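Here's a quick briefing to read alongside the model. Have a look at the picture, then work through the points below.

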2 protein chains.
Amino acid sequence: MASHDEQQAQQVLHALVSRGEITDPHSAKGKLLQCAAHLFRHKGYERTTVRDLASSVGIQSGSIFHHFKSKDEILKAVMEETILYNTALMREALSHAHGPRERLLALIRCELQSIMGGTGEAMGVLVYEWRSLSDSGRADILKLRDVYEQMWLAELQAARDEGLTPSDPFVQRRFLTGALSWTTTWFKAEGSMSLDELAEAALALVLK
Amino acid sequence: MASHDEQQAQQVLHALVSRGEITDPHSAKGKLLQCAAHLFRHKGYERTTVRDLASSVGIQSGSIFHHFKSKDEILKAVMEETILYNTALMREALSHAHGPRERLLALIRCELQSIMGGTGEAMGVLVYEWRSLSDSGRADILKLRDVYEQMWLAELQAARDEGLTPSDPFVQRRFLTGALSWTTTWFKAEGSMSLDELAEAALALVLK
DNA sequence: TTTCAAACCAAGCGCTTGCTTGGTAGATTG
DNA sequence: CAATCTACCAAGCAAGCGCTTGGTTTGAAA
């Protein structure tokens, strides 16, 4: 039943895990991170206690600190692994897309799938729990985000060079960031609109 | 130095205050609400303690509970007054705008001014602190939000009826909600782009 | 069979949290 | 001038918080 997209996502994930860049989601630590993403997204970082997190993975609250030094480190790990994973997914998607329109659409679909799919909760954490991250954590995540954003800007600039869009790529990207991340609050894949249709509608925002 | 927009905002504010619908910002309670909006926006509701709030208005922490029954009631009040104020501002703006394009632009400028201007912090609270509100509070605010959103949908539908935009008004509004609210994280009025230019760029997202 | 590290538990410490209490200074009113 | 009311203070309580500690289980390697 796995779609082509899901297969590639699995491959990208496996490659990152074996390279040691992100935690294996099947490990104890990996499950902890998944639960953390879920709780942080739905209750917020501050409202989620280490006791909540511990009981949702079925261990004692103190045992968490065998895997992480602090609660803040958990938040940082969720964000870091999410951005690394999604950057890799985008790179993979771009390698099969040609022409500015297709490449932009590929990025949009990629980001929407991240937001809506398996890592959607973690993506939400990345966007909405920014303030809760410590200063040092913020600096590290920012570097990773710059890489991610640069990929977007390059494609938007390419689209502009071909006259597909009139506006400033920076402004376009920022409008898109807001519009796409907000979809998590209202879009349901089971509804009348498919994710591909949503991606096309989003593409129409920036192309004339 | 007050612009025409600011004058009308003052008039709308005064009308609401004298009708008792929102708290006078010059009163002790009003200042408390303003400080709360500021702190909630920048530190988040959970991270803001009643002691933080009290010291930022120069009173003891316990004294807050003379004005509000609970911390949650403060959050609710910030949201309620903000949405009431901005609904009134939009109604006022629409009363001077004619034709679908101008009316849509008026709404966009209105929302951007709310986000960027004096009540910007409170608007941010309304968007990003939703989860922290109690269930009963959420239900009350939702009713007020429906009124606000209905105004948007009516104008987007009117634009569609005239063939100005191809897509579903619901989807358009949701894209706009995300794109506009996100501007608070990156747009600076002192930068190279004016707020009016930003509004035009946002309008271009939904009009073809 | 022994060794040893990783994973976890049970208990609780020190601190902060939202909120309560009982009381007071100062303006307003009959 | 007494009575009332609004706005506040000083002190602290009970609960919940992140995190620590010392010890136990477990499973694979030697």
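A residue counts as buried if 20 or more other C-beta atoms lie within 10 Å of its own, exposed if 12 or fewer, and partly exposed in between, with C-beta atoms placed from the backbone. Keep in mind that this is a predicted model: local features need pLDDT of at least 70, side-chain atom pairs count only at pLDDT 80 or more, and totals for chains, interfaces and linings use all residues. Residues are numbered from 1 along each chain as its sequence is written, while chains are lettered from A and ligands numbered from 1 in the order in which they are written.

**Helix α10(B)**
- Helices here are DSSP runs (H or I, at least four residues), numbered from the N terminus.
- On one side of α10(B), D196(B) and E197(B) are exposed.
- The buried residues are L198(B), A199(B), A202(B), L205(B) and V206(B).
- Seen down the axis, the buried residues of α10(B) fall within an arc of 105 degrees (taken from the directions from the axis to the C-beta atoms), so they line one face of the helix.

**Where chains A and B touch**
- Chain B and chain A each put 21 residues into the contact (C-beta atoms, placed from the backbone, within 7 Å).
- On chain B's side, α9(B) gives the largest share, 8 residues.

**Around DNA strand C**
- There are 16 residues surrounding DNA strand C, and I59(A), G62(A), T49(B), G62(B) and K71(B) are the closest (near means a C-beta atom, placed from the backbone, within 6 Å).
- In chain B, α3 (50-57) and α5 (71-94) each supply at least two residues of the surface near DNA strand C.

Notes: Contact = placed C-beta atoms within 7 Å.
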